[in-house]
2 protein chains.
Amino acid sequence: MKNLSIVFALSTVFASAVLWAEPVTCLSPDGRAVVTFDLTAVGEPTYSFAFRGETVIAPSKLGFDIKALGADAFDGRKAADLRRDFVLTDVKRATADETWKPVWGEEKEIRDHHNELLVALVQKTTGRRMNVRFRVFDEGLGFRYEFPSEEDKGVARLVPGQQIVPQGQTQPLTHFTIVEERTRFNLPCDPLAWWIPADYETQEYRYTNSKVTEIPSLFKGAPDANLSTTLTPVPCVQTALMLKYPSGLLVNLHEAACVDYATMHLKVDGHDFESYLTPDATGAKGWLQTPCRSPWRTVICGAKGADILSSRLTLNLNEPCALADTSWIHPVKYVGVWWTMITGAKNWAYKPDPTMHAANTTNVIRHLDFAAEHGFDEVLVEGWNIGFEDWFGKEKDAVFDFVTPYPDFDLEGLNAYAKKKGVKLMMYHETSASTRNYERCLDAAYGLMKRLGYDSVKAGYVGNILPHGDHHYSQWSNNHYLYCIKEAAKRQIMVNQHEAVRPTGLCRTWPNLIGNESARGTEYESFGGNNPDHTTILPFTRLIGGPMDYTPGIFEADLSKVCSWKKQFISTTLCGQLALYVTMYSPLQMAADLPENYEKRLDAFQFIKDVPCDWDETRYLEAEIGDYLTIVRKAKGKDEWYMGSKCDENGHKAKITCDFLTSGKTYTATIYADAPEARYGGPTADRYVITKREVTRETVLDLVAQPGGGWAVSFK
Amino acid sequence: MKNLSIVFALSTVFASAVLWAEPVTCLSPDGRAVVTFDLTAVGEPTYSFAFRGETVIAPSKLGFDIKALGADAFDGRKAADLRRDFVLTDVKRATADETWKPVWGEEKEIRDHHNELLVALVQKTTGRRMNVRFRVFDEGLGFRYEFPSEEDKGVARLVPGQQIVPQGQTQPLTHFTIVEERTRFNLPCDPLAWWIPADYETQEYRYTNSKVTEIPSLFKGAPDANLSTTLTPVPCVQTALMLKYPSGLLVNLHEAACVDYATMHLKVDGHDFESYLTPDATGAKGWLQTPCRSPWRTVICGAKGADILSSRLTLNLNEPCALADTSWIHPVKYVGVWWTMITGAKNWAYKPDPTMHAANTTNVIRHLDFAAEHGFDEVLVEGWNIGFEDWFGKEKDAVFDFVTPYPDFDLEGLNAYAKKKGVKLMMYHETSASTRNYERCLDAAYGLMKRLGYDSVKAGYVGNILPHGDHHYSQWSNNHYLYCIKEAAKRQIMVNQHEAVRPTGLCRTWPNLIGNESARGTEYESFGGNNPDHTTILPFTRLIGGPMDYTPGIFEADLSKVCSWKKQFISTTLCGQLALYVTMYSPLQMAADLPENYEKRLDAFQFIKDVPCDWDETRYLEAEIGDYLTIVRKAKGKDEWYMGSKCDENGHKAKITCDFLTSGKTYTATIYADAPEARYGGPTADRYVITKREVTRETVLDLVAQPGGGWAVSFK
């Protein structure tokens with residue numbers, strides 16, 4: 001189902017006296033972004049990147065520290081580097097211009113237009129080969145390391161007539177471990193950064209906005225309480241990292257297609273960065289065998305926030321969809337019993353007090369009725385299966401079997417009832433981060449789902465990873481998450497992973513990965529609080545890798561109304577919550593509040609009922625990271641538009657010209673706006689005003705968001 | 001199918017002024033072995049053990065260093081000890097006398113007759129409970145730690161009227177990690193020990209015979225080359241450990257029923273020992289949750305070697321058979337292509353040279369024909385599936401899929417051919433020690449076996465364990481091995497695990513575990529050589545835990561006849577090899593040599609064809625560890641006896657009275673004896689003399705084993 005128009009322009013040039021003339025450059029299709037590859041005097045590979053005449057990445061070294069296995073397994077692995085003594089032996093170029101259709105997404109078609117440069121390197125002292133593949137897009141850069149197999153002659157190893165490595169001194173690179181990836185990101189300045197501290201287990205942090213050089217002094221104070229946390233031993237930050245240069249240039253650093261590789265953090269070195277991978281229990285940062293390759297390291301640039309948000313560079317650097325049949329994959333709008341437990345009103349566990357158990361048959365029927373009445377697809381029920389009474393923080397090997405319900409949860413009956421009502425239950429698998437136990441149970445767990453008609457699962461990884469000593473973001477764990485996604489795909493099950501690794505665009509290849517948490521979500525409105533600007537940052541950071549199951553839609557801002565002892569308010573207004581359905585793109589959207597809280601405000605709830613979670617087109621009307629953003633999207637297959645705007649604690653006013661609407665047509669705009677007195681974090685947070693008016697593409701709307709608020713508009 | 005006659009004599013005595021009068025003793029049924037439990041002045045639990053008036057274990061402390069989880073998971077686990085401040089709060093006694101029938105074994109019935117003492121302890125400073133259960137047999141002792149759950153009131157926590165722990169200071173013991181088990185084995189002397197160095201990965205070592213106090217100076221020199229080896233950081237030895245006291249008393253230290261627990265080593269401290277468990281990747285030596293218990297720590301005593309070999313204490317301390325139906329479990333005598341690869345004559349891998357590949361269809365047909373002609377049950381074929389061309393020593397995550405044959409191995413056709421011939425192929429799964437990959441593939445791997453008719457699998461764990469950083473003998477890995485055994489049992493598959501943890505009698509509970517390697521086997525006759533006394537030691541050490549797949553039967557002692565560049569001889573004579581089928585008890589016995597080497601010596605081969613591997617009765621006629629042993633066994637359900645005798649490099653002569661034979665009956669004895677010139681390790685190793693004579697229970701046989709040799713006799 002793809003429109004392919006790929007043009008490959010290969011050129012291989014041989015030089016006789018010198019191996020290759022350096023530096024080598026590659027321009028983007030529009031010629032305004034350029035990557036330059038060079039070798040230093042001692043053969044260190046470097047790259048630099050410029051965007052519209054401005055240096056984004058100053059010359060920065062590339063390479064690895066490794067331990068390589070020699071010819072004899074008994075000798076073990078010897079420390080070595082892939083950082084110097086390289087010669088350039090070949091250069092290959094290609095151009096691609098392809099338009100592909102995502103199974104779900106922010107738009108119906110995505111264009112992948114880039115120029116490619118492959119530099120083939122040989123280390124003079126060992127004969128080891130390391131290639132670097134650059135893809136230059138109009139808005140940015142992706143590059144990755146590629147290690148050919150010994151047998152692979154696809155990239156010339158030696159230039160004819162040149163003997164690079166003295167006879168008998170070649171040390172083949174076959175099996176090696178990564179001691180550290182040493183990819184530098186040298187910056188020409190000291191930018192502002194919106195960052196969270198690097199951690200091997202979690203991204204559930206509040207963002208700090210500071211200069212890069214200020215990060216080390218702020219690093220240790222940054223973490224929030226979390227059950228499983230392992231800060232990097234030196235100050236590092238997580239990606240996707242959003243930077244703003246003194247010139248105003250916006251630069252985003254992340255990675256794409258992290259497969260069979262550890263998650264990358266960025267070590268702070270002055271105002272520069274260097275890659276810092278997540279280790280396994282032995283400290284090794286990767287176990288590789290040629291042929292192999294790293295994930296793409298990505299740089300997205302833009303003069304304004306909308307340029308960053310509209311980039312599809314991360315998806316474009318991922319492999320095409322691996323599934324022949326995707327007809328079973330669909331966007332999901334859902335409700336659930338989740339918020340009663342997150343607020344503390346009810347319990348996940350049946351014991352010790354069954355009357356406090358949220359996942360009981362009566363309560364679930366209530367939610368199924370509500371979902372059916374209001375057009376939701378699914379009802380998520382956590383805490384339905386035995387084990388929750390004793391697991392949290394205990395690093396137990398085998399807690400859950402994923403098939404045995406608590407006595408008050410009528411598994412068969414509820415699924416039959418859901419079917420009758422035309423909705424589905426959404427499965428929940430709390431893996432307790434015990435990856436072995438989950439894999440052992442996977443076939444039975446997925447099997448139960450198929451038998452009963454579940455088609456999606458939320459899988460949680462709360463707590464320290466088992467096997468003990470491993471980390472949430474190691475190569476081993478990353479392999480596990482993808483294993484589960486693939487096993488689910490075989491059974492036509494959609495997956496939403498929480499506390500797993502942050503996404504890197506793998507949903508293009510595996511579109512049954514319909515959601516990830518991997519950031520500080522709505523749950524922290526109950527736990528430790530979110531900053532009012534939180535959701536004005538996430539689209540520039542966490543969402544660069546893929547959609548987030550942020551679970552918005554909290555209408556009752558006063559949590560004591562849900563759980564009497566919880567004396568706190570959430571940090572957005574009600575209309576701010578509505579806006580998130582548009583601004584936080586996800587094919588999976590929850591209406592997270594309690595049915596009764598929606599039933600009290602059915603007029604506002606109408607927006608959540610109306611808003612789709614799959615789109616033909618998206619326009620980023622305004623986007624100032626940390627301040628506000630306004631996005632409008634066209635519903636999939638319909639001439640309906642939905643606008644959302646979210647702002648920080650300072651409020652926001654805008655004049656929005658409706659020129660995205662079809663010419664000559666009149667639409668009914670329903671505007672959900674903060675009441676003038678609405679403020680986040682207090683008793684007026686839920687005040688809103690709904691107005692309707694007829695609009696055309698010429699209409700200019702004056703819209704106001706109050707502090708911590710936002711607006712939402714439907715155009716039908 | 002068991003004859004049960006259990007008598008429980010429970011007595012609970014309350015004392016008012018003191019909690020309990022100490023010390024507490026428990027006698028064996030015959031009154032000649034006694035364990036004494038006591039508390040030191042500071043409440044340290046101790047035990048001592050005496051056998052027939054001689055001190056075996058001097059007073060020795062019991063306990064643990066732990067880290068315990070408090071009430072709040074966020075606080076983590078706090079260091080604590082379970083070593084002092086204990087009070088004795090209850091004593092329970094019981095007696096058992098039960099006779100049970102093993103599914104297979106050295107005899108058809110086993111009597112379990114012991115007295116039991118349970119001491120209930122409470123730590124005064126914390127209220128934590130730790131019980132020690134002792135079982136005293138006529139020939140030895142087993143004891144284990146038991147940690148009751150907080151809810152368990154089965155053992156009285158407090159004596160009425162006594163307040164042990166001040167109000168509010170109780171720290172419940174629920175979830176904890178073991179920093180170290182601190183079980184002492186204080187000896188009254190400096191015994192001779194037959195020991196191998198403690199290693200977290202392997203037991204494939206040559207034995208050293210030295211005084212205990214000499215072990216530390218010999219420890220580092222002891223190891224042999226092995227792909228995966230992690231010596232304990234301080235001098236420790238492995239169990240089962242065989243000791244000889246200056247008095248002549250033989251003492252064996254081991255463990256029974258190691259389930260969900262790390263393997264124990266013994267740290268050398270002067271002439272004493274202390275438990276030293278195998279850690280996981282984090283250094284933790286166990287992750288436990290109450291209620292839980294340790295394996296049994298065992299002490300077997302005897303005045304002579306036969307007393308040790310005839311003890312069934314290890315099996316008796318394991319749980320009864322967990323399988324309702326065991327009809328599908330049967331002894332297996334097999335041949336295979338193994339020795340051609342072990343000697344280096346042929347390869348495991350199809351690549352790079354298919355002509356060197358042992359597991360090719362033609363060769364396997366040759367073995368199937370040979371097996372059918374000579375009455376073997378199965379043919380083992382390793383190296384049949386893709387992956388062997390690139391795995392050894394490389395710690396790859398996913399090597400084998402266990403279902404994809406090499407192109408020259410006709411998987412379906414060979415199984416059909418085997419069926420026609422009335423034999424079976426034996427499956428081989430080289431897990432490459434990648435436990436996750438194996439578990440992921442297990443259902444498909446076992447599924448293929450069931451579809452094709454395989455009923456047994458040899459599973460290897462060569463190389464460093466994955467997940468990286470874990471060890472072969474950790475709690476995590478031990479859990480894996482048992483998981484595979486249980487999954488196999490569900491599918492009626494018998495399992496033979498190589499390079500896995502050494503056995504601790506679990507074959508009683510899971511009799512589909514028909515074999516283990518876990519020691520230096522016949523393969524080392526080709527690798528680095530075995531000592532000529534090796535198999536006179538193994539029955540006292542490795543075999544205490546369960547049968548070993550030693551793979552005897554090498555007839556061609558000159559390895560250069562099998563592999564031209566292998567200029568070495570094996571370290572036994574041919575008759576010594578025959579003897580092993582009797583002296584090394586296993587329900588799984590291989591005839592390991594090449595068919596052509598048997599075909600040249602069909603008269604001697606007749607003993608291997610005749611000898612069963614399941615028995616009604618066994619008598620240990622002579623047994624001097626490190627020197628010689630002679631065992632005679634009665635075939636299961638037949639009036640046939642088979643005798644084997646194996647000696648060290650000094651040869652051995654014996655007069656054997658055949659009084660084990662049925663009175664009044666005459667038997668034909670076929671005597672397979674070393675020729676006078678037969679010597680191990682040289683060109684005369686394969687010289688033998690076969691004689692037949694009529695014998696009765698009055699007959700006295702004069703039998704001679706040459707250096708490194710032995711004899712074998714069948715009585716029909």
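This is a predicted model: local features need pLDDT of at least 70, side-chain atom pairs count only at pLDDT 80 or more; totals for chains, interfaces and linings use all residues.
Helices and strands here are DSSP runs, helices of at least four residues and strands of at least two, numbered from the N terminus.

**Stop 1: a cis bond in chain B**

Select B:Thr239 and B:Ala240. The peptide bond joining B:Thr239 and B:Ala240 is cis, with omega about 0 degrees. B:Ala240 sits in the loop between strand S15 (236-238) and strand S16 (241-244) of chain B.

Now go to B:Lys351 and B:Pro352, where the peptide bond is also cis, omega being near 0 degrees. For B:Pro352, look in the loop between helix H4 (338-342) and helix H5 (361-374) of chain B.

**Stop 2: positive phi angles**

Stay in chain B and pick B:Ala433. This residue is no glycine, yet its phi is positive, near 65 degrees. You'll find B:Ala433 in the loop between strand S25 (424-430) and helix H7 (435-452) of chain B, and it counts as buried at 0% relative accessibility.

Next up is B:Thr551, another non-glycine with a positive phi, here about 55 degrees. Its loop runs between helix H9 (534-537) and helix H10 (574-583) of chain B. Is B:Thr551 buried or exposed? B:Thr551 counts as buried, at 3% relative accessibility.

**Stop 3: where the chains meet**

Show both chains and color the contact between them. Chain A puts in 30 residues and chain B puts in 30 residues. About 2,900 Å² is buried between chain A and chain B, and carbon and sulfur atoms give 60% of that. On the chain A side, highlight A:Arg436, A:Arg440 and A:Trp476: these lose the most area to chain B, together 24% of what that side buries.

How many salt bridges cross the interface of chain A and chain B? The rule finds two. To see a salt bridge between the chains, zoom in on A:Arg440 and B:Glu439, whose closest N and O atoms are 2.6 Å apart. If you list polar contacts between chain A and chain B, the count is 18 residue pairs, both partners at pLDDT 80 or more.

Color the chain A side by class and you get eleven nonpolar, nine polar and ten charged residues.

**Stop 4: rings**

Over all chains, the structure has 72 aromatic pairs. Start with A:Phe147 and A:Phe176, an edge-to-face pair with 5.2 Å centre to centre and 65 degrees between the planes. A:Phe147 is in strand S10 (residues 140-147) of chain A and A:Phe176 in strand S11 (residues 175-181) of chain A, 29 residues apart, so the pair links distant parts of the chain. Both A:Phe147 and A:Phe176 are buried.

Then select the cluster linked by ring pairs, which includes A:Phe74 along with B:Trp348, B:Phe388, B:Trp391 and B:Tyr481.

**Stop 5: around A:Ala359**

A:Ala359 is in the loop between helix H4 (338-342) and helix H5 (361-374) of chain A. Its relative accessible area is 0%, so it is buried. Leaving aside neighbours within four places in sequence, the residues in contact with A:Ala359 include A:Val364, A:Glu382, A:Trp384 and A:Phe409.

From that list, follow A:Glu382 to A:Lys458: the two form a salt bridge, their closest N and O atoms 2.9 Å apart. A:Lys458 lies in strand S26 (residues 456-460) of chain A, while A:Glu382 is in the loop between strand S24 (378-380) and helix H6 (411-421) of chain A, 76 residues apart. A:Lys458 is buried, with a relative accessible area of 4%, and A:Glu382 counts as buried at 0%.

**Stop 6**

The whole structure holds 93 salt bridges over all chains. Select A:Arg366 and A:Glu599, with closest N and O atoms 3.0 Å apart. This pair links helix H5 of chain A to helix H11 (residues 595-599) of chain A, 233 residues apart. A:Arg366 is partly exposed at 29%, and A:Glu599 is partly exposed at 33%.

Finish on a salt-bridge network in chain A: A:Asp65, A:Arg83, A:Arg182, A:Arg184, A:Asp269, A:Asp272 and A:Glu274.

Technical notes
Residues are numbered from 1 along each chain as its sequence is written. Chains are lettered from A and ligands numbered from 1 in the order in which they are written. Side-chain values use heavy atoms; hydrogens and water are left out. Contact means heavy atoms within 4.5 Å. Buried area is the accessible area (1.4 Å probe) that two parts lose on being put together, summed over both. A salt bridge is a side-chain nitrogen of Lys or Arg within 4 Å of a carboxyl oxygen of Asp or Glu. A polar contact is a pair of N or O atoms within 3.5 Å; within protein, one must be able to donate a hydrogen and the other to accept it, and residues adjacent in sequence count only if both atoms are side-chain atoms. Ala, Val, Leu, Ile, Met, Phe, Trp, Tyr, Cys and Pro count as nonpolar, Asp, Glu, Lys and Arg as charged, and the others, Gly among them, as polar. Rings of Phe, Tyr and Trp (its six-membered ring) pair if their centres lie within 6.5 Å; planes under 30 degrees apart count as stacked, over 60 as edge-to-face and the rest as tilted. Buried means under 20% relative accessible area, exposed over 50%, partly exposed in between (1.4 Å probe, protein chains only).
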